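This report looks at one helix and then at pairs of aromatic rings. Please look through the sequence and the structure before reading on.

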Amino acid sequence: MRWNDDILVIKGIGEKTAINYRRIGINTVGNLLMHIPRGYDEFGDIVPIRDASPGSVVIVTGVIAARAYTRKVRNMTIVSARLRDGADSISLVWFNMPFMASKIRVGTYYIIRGKVSVKNGVKEIVQPKLLTKEEYYNNRYKLMPIYPLTGGLTNNAVAKACIHAISEITDITDYLPERIISKYNIMPYQKAVKTIHLPDSRDDAGKARKRFVFDEFFLFLLMLKRMKSENSHILTQRNYTECKECDMFIKELPYRLTDAQVKVWNEVRSDMLSGHVMNRLIQGDVGSGKTVIAALSLLLNALNGYQGVLMVPTEVLARQHYESLSAMCSGYGVDISLLTGSMSAAEKKTVYELIRDNKTNIIIGTHALIQEKVKYAELGLVITDEQHRFGVNQRKSIVEKGSECHTIVMSATPIPRTLSMILYGDMDVSVIDEVPKKRLPIMNCVVGQSYRSAAYAFILKEIRNGHKAYIVCPMIDDNEESGLENVTDYYLRLSEIMPPDIHIDILHGRMKPKQKDEIMDRFRAGDTDILISTTVIEVGIDVPSATVMLIENAERFGLAQLHQLRGRVGRSDIRSYCIFMTADESPQIMQRLNVLNKSNDGFYIASQDLKLRGPGDMFGVRQSGEAYFDIADIYNDADVLFNAHEAADHLTDAEADAIYDYIIEEGGSKNINNIVDIM
Ligand code: ADP
Ligand code: MG
């Protein structure tokens with residue numbers, strides 16, 4: 001079996017299953033082997049029910065004491081049963097699985113796995129899994145990879161396919177020179193591929209992961225280097241002149257620009273007028289007011305007769321920007337359009353024509369902006385907002401749409417300066433280091449599970465006062481890592497706890513764009529009281545009536561991301577609250593989370609995060625859901641980034657050429673394939 005063979009060569013993958021794999025970009029054996037687990041699960045020892053502590057995932061055994069009990073709440077079926085070991089017992093609760101009532105038999109012995117919680121003082125396990133004796137004893141203490149999945153794929157099937165591929169593959173080679181492997185103590189590629197799927201220990205798995213992190217950084221940096229040498233400091237043919245409308249625009253804003261905004265606007269303006277192509281990164285904390293700088297730049301560009309685009313990562317954000325820019329720019333004779341993937345073909349066609357005929361000056365949208373069909377008449381300025389959410393490919397293709405156009409990327413991700421130097425290479429950097437004054441600071445608290453009912457009572461009180469709430473869970477459903485809160489089960493549980501007149505809704509990244517829009521519209525309109533969401537709400541969302549946020553499993557997020565998340569509240573002059581709930585109250589975790597209590601400064605928070613994370617925190621949840629890299633995390637893997645940077649810098653020309661050849665001819669890993677796309 002070879003790295004570049006189609007996945008159909010793998011035992012157990014037929015035409016039909018292959019479709020599911022292809023949907024997530026797995027077409028070849030190599031793609032499959034580079035489908036890196038997000039973490040590992042492990043069946044530990046059996047715990048007596050008495051010792052099963054709330055918040056932890058446990059394996060308990062016992063006998064079902066009485067017949068399972070079925071009831072209906074709203075339109076949900078709830079089956080419950082009691083599992084008894086000696087004198088102790090625990091409730092088992094299944095939502096919307098009515099068949100469990102007949103499956104569970106009285107007097108039968110079961111091995112159960114699930115997360116312990118407490119309701120009305122009684123311990124329970126919600127959506128427990130039944131394990132057969134074989135399943136449990138054969139797998140005890142083994143590290144079982146947890147793979148990112150999609151509909152139609154099970155973790156078991158992916159794991160089997162990987163094991164089969166590892167035993168059959170014959171042509172894994174390492175493209176890195178031996179010199180680099182030994183200098184930076186990197187795990188050889190062959191070993192890393194095997195280890196990531198079949199690790200002997202967490203330590204081993206961590207080392208294998210670091211190898212792939214190194215590859216991602218290293219190849220990215222090599223690619224940057226090549227791009228840089230090809231196009232540095234281009235003169236623009238376009239002619240920009242100052243226009244007084246921008247000053248009027250500033251005067252007519254309902255607020256005064258902060259000093260930092262004025263400074264950054266001056267930097268952008270003088271770049272645009274300089275006769276050189278602008279290439280600028282604007283960093284500014286959540287709420288520092290980056291949008292207005294984008295609006296000003298787009299206005300200056302439009303009044304000079306050029307088109308400008310503002311590209312954002314989500315449809316929801318695109319619409320939000322479209323509405324606010326339309327309001328801000330009305331009266332200046334510029335036309336603004338919206339272009340997103342979920343628009344109908346006819347709607348899109350209309351916009352394509354406006355763009356082609358230069359009848360629209362500012363276009364706001366998602367990836368749809370870079371589709372083949374979009375032909376710009378006179379593209380002069382490209383702005384990407386929430387930069388960290390875009391892949392390198394997308395960034396590059398939008399710039400290619402217009403030759404020599406001005407580029408601004410905006411990011412709230414506080415990247416330490418040393419890192420941004422590496423990642424953004426030759427970009428000029430502007431920082432909005434100040435947040436508009438008048439706002440009340442958010443009140444924060446970091447709490448453990450015992451605070452849960454108080455938190456719900458507090459949320460309810462805020463809702464009764466006419467405000468809205470967000471609840472953030474790290475996972476979508478229980479297909480993902482167990483033991484972490486997931487949106488789907490949480491919704492079921494919370495619906496039972498909250499009074500029936502409270503409207504609860506859910507939002508996550510696997511929903512269709514239209515559906516997401518509708519959900520956000522309902523929330524914005526005030527029809528939804530509580531929005532349970534994954535981190536999809538992390539970027540840019542602005543719903544000022546939301547005044548409280550509860551973040552579940554706060555221990556599993558990076559501090560910078562938590563800061564970004566809480567930026568969704570505190571967007572008006574009403575006091576806002578953020579509750580960080582942790583399932584792990586160890587001193588290290590509490591110390592780390594308490595940084596958020598003490599500071600509202602994103603840059604400070606990110607720097608502390610780096611300091612307070614131990615090197616053992618390898619598989620900690622990454623700082624941002626879909627950050628720059630597939631595997632690597634620029635914060636947690638900063639050490640590897642520095643190594644990769646040094647290695648890339650010291651590569652001889654011959655070595656560099658060999659690597660480029662390898663990448664182009666051999667295909668290489670999934671990461672390498674990504675890089676090929678943009679070279
Ligand atoms: P971000 O930098 O996170 O993208 P936004 O541009 O969305 O921030 O701005 C957040 C909010 O602050 C918006 O409602 C905006 O109207 C407001 N805002 C921006 N600049 C100022 C300012 N100088 N004074 C007061 N409010 C401002
Ligand atoms: Mg923004």
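Helix α12 (residues 315-329) has 15 residues and spans 21 Å from its first C-alpha to its last, close to the 21 Å expected at 1.5 Å a residue. The expected span is 1.5 Å times one less than the number of residues. Helices (H or I, at least four residues) and strands (E, at least two) are DSSP runs, numbered from the N terminus. This is a predicted model: local features need pLDDT of at least 70, side-chain atom pairs count only at pLDDT 80 or more, and totals for chains, interfaces and linings use all residues. Side-chain values use heavy atoms, without hydrogens and water, and residues are numbered from 1 along each chain as its sequence is written.

After α12 comes G331, with a positive phi near 95°.

The whole structure holds 10 aromatic pairs. Rings of Phe, Tyr and Trp (its six-membered ring) pair if their centres lie within 6.5 Å; planes under 30 degrees apart count as stacked, over 60 as edge-to-face and the rest as tilted. Two of the pairs are listed here.

| Pair | Centres | Planes | Class |
|---|---|---|---|
| Y184 and F214 | 6.2 Å apart | 35° | tilted |
| F214 and F218 | 5.4 Å apart | 20° | stacked |

Y184 lies in the loop between α6 (178-183) and α7 (189-197) and F214 in helix α8 (residues 202-230), so this pair ties together parts 30 residues apart in sequence. Both Y184 and F214 are buried. F214 and F218 both lie in helix α8, 4 residues apart, about one turn of the helix.

Conventions. Chains are lettered from A and ligands numbered from 1 in the order in which they are written. Buried means under 20% relative accessible area, exposed over 50%, partly exposed in between (1.4 Å probe, protein chains only).
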